[in-house]
2 protein chains.
Amino acid sequence: MRILVPIDITEPKTRLAGLLSYPERRAFIQAMLRDVLTAINAAGDHDPLVLSTKPIDVQAEVEVDSLPLSAAVNTRLSEELLPTAVVMSDLPLITPQVIRHLVNQPNDVTISPGTGGGTNAVVVRTEQFFVDYHGLSYCDHQKIARDAGLTVSKFDSYRLSVDIDEPADLIEVLIHNTGDAREWLHNAGFALECTDVQRGRMVVSRHGQSVR
Amino acid sequence: MRILVPIDITEPKTRLAGLLSYPERRAFIQAMLRDVLTAINAAGDHDPLVLSTKPIDVQAEVEVDSLPLSAAVNTRLSEELLPTAVVMSDLPLITPQVIRHLVNQPNDVTISPGTGGGTNAVVVRTEQFFVDYHGLSYCDHQKIARDAGLTVSKFDSYRLSVDIDEPADLIEVLIHNTGDAREWLHNAGFALECTDVQRGRMVVSRHGQSVR
């Protein structure tokens, strides 16, 4: 299946700006992208296409597109042969097994939620659907499908729900990722640390300092 | 299957204390518990047992146990007929379908992760396993199983991963829950609100004030 993988190189992960410099954020999102592409390549005979806001050096086909995310995706949904999947590049918990399940869902549209009401992955099998990533897109995508009389699979995956936007999200990478993203964090001085021994609460630290 | 549902009525959801009074927190966790029990009852012929730190009025069998969580569960893993599942009471995104998938996993132990490295649900089919909810229990439970030579299913569910501990978690209830928990929040003045129209970022508000 053609799998679009959008990445924003221009303003990467602004909510991590208190923690990571601009070059660090660019490097980290590219490590996550590599992990997503590795999982896609291991999942079967798929055809990933990275949609990047700027040129990027990665072992995959890349198209540079400065359109906003929804427009960039929708252009390809009408151009490309369906079915097409859209999988975000900041999902470093993804595995080949998750991708295999995702692309095998039966309905016209498959929607996989992210934390906070986003849509982290979608599979589109009909030209009657379009994406709109603005706002509560998980709800909006169901409405778009319903309004067009389409069938919908709601895909329930923890590994697809975790997108890395905020400092608190880094703990998930350190626990569950086994690829470039975790290695990049380790090399940048990040680690898991237990701050509250009684409750066993874990936090992320950088060079020994707790991260908030 | 016997399904243990632990609930802490004594110190309920201390990280929500800035937002909800003690009576409110007690009421809210009982609304979440009712939703979990409703899903279990709709999932098939299961046998839920609520493990509560204090007496509680709910439509299910209840055992009051003041032992710490891990000890209270482990006592029942040896006493009760296996297999036994343990499903936390603060998982209001749970559905009957998720429970059916969970209890049908094949291996000796099934572990379902929570955000931050916790274990939100586990299915135990052998006396050689015990729980330890302290710290990074998702990793610890895999190690306990590995050390005993047991097979493990890692269960990948967004709906089971969302436990409600912090103010930011309430958005998931308002988006995905359709039962008592969301109704309780609505009646207490909580709603979804768009604070950043350009990015479409949603937050939780109470009586019109954004919640942090």
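**Note on the predicted two-chain model**

1. The second largest pocket draws at least two lining residues from each of H3, helix H4 (137-147) and helix H5 (158-161) of chain A, and from each of helix H1 (22-42), helix H3 (96-103), strand S7 (152-154), helix H5 (158-161) and helix H6 (170-176) of chain B. Helices (H or I, at least four residues) and strands (E, at least two) are DSSP runs, numbered from the N terminus. H4(A) gives the most to this lining, with five residues.

2. This is a predicted model, in which local features need pLDDT of at least 70 and side-chain atom pairs count only at pLDDT 80 or more, while totals for chains, interfaces and linings use all residues. Residues are numbered from 1 along each chain as its sequence is written, chains are lettered from A and ligands numbered from 1 in the order in which they are written, and side-chain values use heavy atoms, with hydrogens and water left out.

3. The lining of the second largest pocket comprises 45 residues, and A:Phe155, A:Asp156, B:Val98, B:His101 and B:Ser157 lie nearest the pocket's centre. A pocket is an open set of points on a 1 Å grid over the protein atoms alone, where a 1.4 Å probe fits, with protein on both sides within 12 Å along at least five of seven lines; lining residues have an atom within 4 Å of a point. By class, the lining has 18 nonpolar, 18 polar and nine charged residues.

4. A:Gly189 lies in the loop between helix H7 (180-187) and strand S8 (190-196) of chain A. Leaving aside residues up to four places away in sequence, A:Gly189 touches A:Ser205, A:Arg206 and A:His207 (contact means heavy atoms within 4.5 Å). A:Gly189 and A:Leu4 are 185 residues apart in sequence and 32 Å apart in space, C-alpha to C-alpha.

Technical notes
Nonpolar A, V, L, I, M, F, W, Y, C, P; charged D, E, K, R; others polar.
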